[in-house]
Each structure stands twice: as structure tokens, then as C-alpha cells.
Amino acid sequence: MTELDDYGIIHPIPGVKLLLLDLDGTVRRCTVEGQPCPNRRGEQSLYPGTVDLLNAYVAAGTKVAFVTNQGGIGLGYMTEDTFNDTMDELKDLLGWEALDVFACWHAPNDGCACRKPAPRMLFDAMEEFDAAPENTIFVGDRATDAEAARQARMHRFFFSWMFNPQVPVADWFQDLPGVH
């Protein structure tokens, strides 16, 4: 195990079989000022420490997958092909050969069952990797991410402290009582 911060948190966290991560605002940031999410290749960068931290989990045998709302597709800001191209770039930025991505492409007001805060993508990921909620951690940057984790009966949710230094320390960890 590797200690990667000054707050006594050891990574990889023992007992974690599956690490699920939101993308925008959690693992990556948009490099286009005023634009919330990357819409094409060349518009994203990783937060410092992302590669080392994720590789530590992978080396420990933890499966890593991304769970993301990509309403820009439903709104016409990008196409499915363009999104897949940004995922190819993300794969290159991480130095990985493959990515596991669970994405909702619906527009925010479509009322679909997969868009976070709905838990469907989290359930799909846990089923795919045969991981129970108590052995899964979800990391995100929004209240909708925390709500999806709660609805998926996960025991641990982290706000994006792992990568995004702009999140206040008080918001780092959220235990999800009452969902066990």
C-alpha cells in the first residue's frame, strides 16, 4: 500500500474490489475556459496525481471503471463518436490499453433511468465486475454522484478529494449511513 497524501489516508484502500469514478470535475478537467466538460479531443487534462493513484489501485488488483453523465451528446454538443475519441485520449493520458466506461448519453431533462443521481450505471458496473456495494467506492464531485451512491447502497463515497485540490477538506469523505 502507498500513502499518497498528508492526511493519513492509505491507498489503495484495503478491501476495495471496485473503484468507480466520475469523469468531469473528478478525474479530468476541461481545458477550454468557460466550458464545463470536454467536447472533443484536446480539451481535457487529468488532475495531478491521477495516474499514480489509479495505477496503485490497478496494481493492487482493484478494478477501475468510470461512471459518467454525458448529456452533451443528448444536447448535440458532441456525438457518440466524439465522446469515444475523448475516451481514447483519456486512455492515452492514463497510459492504459483499455477503459471501462459506463455512460449516460441522455440530455439532462430526458427522464432516463441511467442518468445520475439514478443508480443504474453503478448497479451495472457492480454486476459487470461482480462487486458488492460494501466492496465498492464511488468518487464524484457533485451531490448527484453522492445520491447515486446512496441509492446503490454503497457504504463509501468520496467527493473528488482524490484528484481535485479545489474541493474543501471537510467535503472529502462521506459515509453513507443507513444504506447497509
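1. A residue is called buried under 20% relative accessible area and exposed over 50%, with partly exposed in between. Trp 105, with a relative accessible area of 29%, therefore counts as partly exposed. The model discussed here is a predicted one.

2. The structure holds two aromatic pairs. In one of them, the ring centres of Phe 66 and Trp 96 lie 6.4 Å apart with the planes at 40°, so this pair is tilted. Phe 66 belongs to strand β6 (residues 63-69), whereas Trp 96 sits in the loop between α3 (80-94) and β7 (101-104), so the pair ties together parts that are 30 residues apart in sequence. Both Phe 66 and Trp 96 are buried.

3. The rings of Phe 83 and Trp 105 have centres 6.2 Å apart and planes at 70°, so this pair is edge-to-face. The pair links distant parts of the chain, 22 residues apart, with Phe 83 in helix α3 and Trp 105 in the loop between β7 and α4 (120-128). Phe 83 is buried, its relative accessible area being 2%, whereas Trp 105 is partly exposed at 29%.

4. Asp 22 deserves a separate look. This residue is found in the loop between β3 (18-21) and β4 (28-30), and Asp 22 counts as buried because its relative accessibility is 6%, against a cut-off of under 20%. The side chain of Asp 22 makes a polar contact, at 3.0 Å, with the side chain of Thr 26.

5. Leaving aside neighbours within four places in sequence, the residues in contact with Asp 22 include Val 27, Val 67, Thr 68, Lys 116 and Phe 138, and also Val 139, Gly 140, Asp 141 and Asp 145.

Notes
Residues are numbered from 1 along each chain as its sequence is written. This is a predicted model: local features need pLDDT of at least 70, side-chain atom pairs count only at pLDDT 80 or more; totals for chains, interfaces and linings use all residues. Side-chain values use heavy atoms; hydrogens and water are left out. Helices (H or I, at least four residues) and strands (E, at least two) are DSSP runs, numbered from the N terminus. Buried means under 20% relative accessible area, exposed over 50%, partly exposed in between (1.4 Å probe, protein chains only). A polar contact is a pair of N or O atoms within 3.5 Å; within protein, one must be able to donate a hydrogen and the other to accept it, and residues adjacent in sequence count only if both atoms are side-chain atoms. Contact means heavy atoms within 4.5 Å. Rings of Phe, Tyr and Trp (its six-membered ring) pair if their centres lie within 6.5 Å; planes under 30 degrees apart count as stacked, over 60 as edge-to-face and the rest as tilted.
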